[in-house]
Amino acid sequence: MSEIRTRFAPSPTGYLHVGGVRTALFAWLVARQAGGKFILRIEDTDRARLVEGAPKHIQESLNWLGLSPDEGPFFQSKRLDIYKKWADKLVASGRAYADPFSPAEVQTFRELAAGGKQPFRFRDFRPKDPPEWDGKMPLRFKSEPKDYSWHDEVMGNLSAGADAIDDFILMKSDGYPTYNFAHIVDDAEMAISHVIRGQEFVASMPNYLNLYEALGLAPPKFATVPHIMAPSGNKKLSKRDGAKDILDYSNEGYLPEALVSFLSTLGWNDGTDQEIFTCEELIKKFALSRVQKSGARFDEQRLLWTSGYFIRETPLEKLFELAKGFWPPEAAKASDDYKKQVLALVQERLKFLAELPSLTNFFFKDLPFDKSLITDNKQLKKFDKNELVVLLEVAKVRLEASDFTVNDLIKKLNALLEETKQKPAVLFSLIRIATTNAPASPALASTLAVLGKERSLKRIDNFLKNFSD
C-alpha cells in the first residue's frame, strides 16, 4: 500500500477558526493513524485577498494544537513554474485555450443565456479561433462534459450529470493559477492520497474529475466534512456566532488538548457515548467512515465543559506553569507556594485560565464592601441586619479558637451549625461573604485555611464595621 499523505491547504486571507482547524485535525489524524505524512500548503494565489501575517498565524495555530506538519509549508506563489508546465501540457493537448473576452463581453453572454432561459455555461460561447496563449490572457480549461459518479469517504456514492461541467479558468491574467487548477496540480506533485475538505467543494467535483482525466491523473480519495453550524443549528457558523481566531483560545487559557477533543467530536463519534478523547485515543479510534454527513452544531457550553475537564485532569505543577501570565496583578507579590494553594482550590471550577483573576482576586487583595451580596442573597435577605451581625459575631468568636487547618475549620463550622441552628446556606454564605466580599468561592473551610487566620478575622471585623454603619 502506498504511503498515506494528507494535506491542509488554507488560504492566508485571515485567521484560522474552528472550521478550518477541524479539517486540519481530521487530515492530521488520518495521516498519523497510518504512519503517513501531513503536509501544510499555503494557497496564496489570490493576491488581492492576502492578509499580512496570516501564514505565520496558521503555522502558530497548528503548532499550538499539536498538529505540526511533517512537510511544508509550501507556498503556491513560489510554484508558478510548476503550474505553467502543467498549463502548457493542457494547451499542447488541445484541452486549454486563451480566453480573449472582456468582462463586459462575458456579461453579454450571461444576458443572452438568461434571455433564452438557459443556464449560463461558458463552453456554449467558446471562441471559435482563440489566440495563442501568451500568459497575459486568462487560460481556460476546454471541458469534455460527461456524467460522473464517484465515491466520497464521508458522503458515500455521489454523481452529477454533464450539465454540471463547464470551461473554467486555469490561469489568470496575472500569471497566477486559480484554486481549481493549482490544488489538483499540487496534490499530484505532492502525492496526496486523501483530500479532506468542506462541503463547498462538492459542486465543483465534476469539473475536477474532468480535469484529472485531461491531465492523465488518477484522483486521490475524497472526504467531504460537514459544515460546523451556529449554536442555533440553522446556519453555518460565522464570526458573529463564535467562530473566533483559534489563537484567541490560547490567549484565554484554553488547553490545546481540550480544543482538539472538542473539535474532533464536531461531526464525528466512535460509535460510543464517549465525549472526551486524548490525542492518543483519537489516533487509534478516528475513522472517516464515522464522520457524519449532516452539519455539527457548535456548542460553546460543551466546549467549556470539555476545557474544564482537561484543566481538572492536569497535574497541579503543570497547571501552575501553564497559569503563568493569567494571575491577577496583585498576585505578583505572592509566593509560588501560596499561589499553588489558591490554584489547587479553584482548579475544580476553572473552565479556562483567563478566569483566574475573577475566581482568585480576593485571595490577593481586600475587595470593597458590597452590601448587595447580602441583599441579593436568597437566604440572607430574609434576615434583618441585627440578626446577621449577631450571627457573624458568634462565628468570629468560634473561628478565633481554630488553628485554621482545614480539618479543624470543618469541625468548628459544623459546631457552629449546631449552635446557631442555622442552615449552611445561611451561615456559610454569611461567613464567605464577610471573608471574601466575592459572589462565590471554593469550599469555605479550604478558603479560610488558605486566607489564613489573621486575614480572615480582620476581614470579618471590617465587614461588621461596614455592615453596621
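Predicted model: local features only at pLDDT ≥ 70, side-chain atom pairs only at ≥ 80, totals over all residues.

Trainee: Fine. How many salt bridges does the structure hold?

Mentor: There are 32 salt bridges in the structure. Glu144 and Arg95 make one of them, with their closest N and O atoms 3.6 Å apart.

Trainee: Where do Glu144 and Arg95 lie?

Mentor: Glu144 is in the loop between strand 5 (139-141) and strand 6 (148-152), while Arg95 is in the loop between helix 3 (80-92) and strand 4 (96-98). The pair therefore ties together parts that are 49 residues apart in sequence.

Trainee: Is Arg95 buried or exposed?

Mentor: Arg95 counts as buried, because its relative accessibility is 11% and the cut-off for buried is under 20%. Glu144 is partly exposed, at 47% relative accessible area.

Trainee: What about Lys318, which residue does its side chain meet in a salt bridge?

Mentor: Glu257, at 3.9 Å from N to O. Lys318 belongs to helix 11 (residues 316-323) and Glu257 to helix 8 (residues 256-264), so this pair ties together parts 61 residues apart in sequence. Lys318 is partly exposed with a relative accessible area of 44%, and Glu257 is partly exposed at 34% relative accessibility.

Trainee: And what does Lys365 pair with?

Mentor: Lys365 forms a salt bridge with Glu330, 3.5 Å from N to O. That pair links distant parts of the chain, 35 residues apart: Lys365 sits in the loop between helix 13 (356-364) and helix 14 (372-375), and Glu330 in the loop between helix 11 and helix 12 (336-346). Lys365 has 33% relative accessibility and counts as partly exposed. Glu330 is partly exposed too, with a relative accessible area of 29%.

Trainee: Which residues do salt bridges with shared partners join into one network?

Mentor: Arg7, Arg41, Glu43, Arg79, Asp186 and Asp187.

Trainee: Switching to helix 2. How many residues does it have, and how far does it reach?

Mentor: Helix 2 (residues 54-65) has 12 residues and reaches 17 Å from its first C-alpha to its last. That is close to the 16 Å expected at 1.5 Å a residue.

Trainee: Which residues of helix 2 are buried?

Mentor: Ala54, Pro55, His57, Ile58, Ser61, Leu62, Trp64 and Leu65.

Trainee: And what do the buried residues of helix 2 pack against?

Mentor: They pack against strand 1 (5-8), strand 2 (37-42) and strand 3 (71-75), and also against helix 1 (18-33), helix 7 (246-251) and helix 8. Helix 8 is also where Glu257 lies.

Trainee: What comes just after helix 2?

Mentor: Gly66, which takes a positive phi of about 85°.

Trainee: On to rings. How many aromatic pairs does a search of the whole structure find?

Mentor: A search of the whole structure finds 19 aromatic pairs. Phe101 is partly exposed at 22% relative accessibility, whereas Phe109 is buried with a relative accessible area of 13%.

Trainee: Which cluster do Phe101 and Phe109 belong to?

Mentor: One aromatic cluster made up of Phe101, Phe109, Phe120, Phe122 and Phe125.

Trainee: What about Trp327 and Phe364?

Mentor: Trp327 and Phe364 form an edge-to-face pair, 5.8 Å centre to centre with 80° between the planes. Trp327 is in the loop between helix 11 and helix 12 and Phe364 is in helix 13, so the pair ties together parts that are 37 residues apart in sequence. Both residues, Trp327 and Phe364, are buried.

Trainee: Which ring does Lys78 lie over?

Mentor: Lys78 lies over the face of Phe75, 5.2 Å from the ring centre. Lys385 lies over the face of Phe467, at 5.8 Å from the ring centre.

Trainee: Last one, Lys421. Where is it, and is it buried or exposed?

Mentor: Lys421 is in the loop between helix 16 (406-420) and helix 17 (424-436). Lys421 is exposed, with a relative accessible area of 67%.

Trainee: What lies 3.3 Å from a polar atom of the Lys421 side chain?

Mentor: The backbone oxygen of Glu418.

Trainee: And how far is the C-alpha atom of Lys421 from that of Arg459?

Mentor: The two C-alpha atoms are separated by 24 Å, with Lys421 and Arg459 38 residues apart along the chain.

Definitions and conventions: Residues numbered from 1 in each chain as written. Heavy atoms only, no water. Helix = DSSP H or I, 4+ residues; strand = E, 2+ residues; numbered from the N terminus. Buried < 20%, exposed > 50% of the residue type's maximum accessible area, 1.4 Å probe, protein only. Polar contact = N/O pair within 3.5 Å; in protein donor to acceptor, adjacent residues only side chain to side chain. Salt bridge = Lys/Arg side-chain N within 4 Å of Asp/Glu carboxyl O. Expected span 1.5 Å × (residues − 1). Contact = heavy atoms within 4.5 Å. Phe/Tyr/Trp six-rings, centres within 6.5 Å; stacked < 30°, edge-to-face > 60°. Lys NZ or Arg CZ within 6 Å of the ring centre and 35° of its normal.
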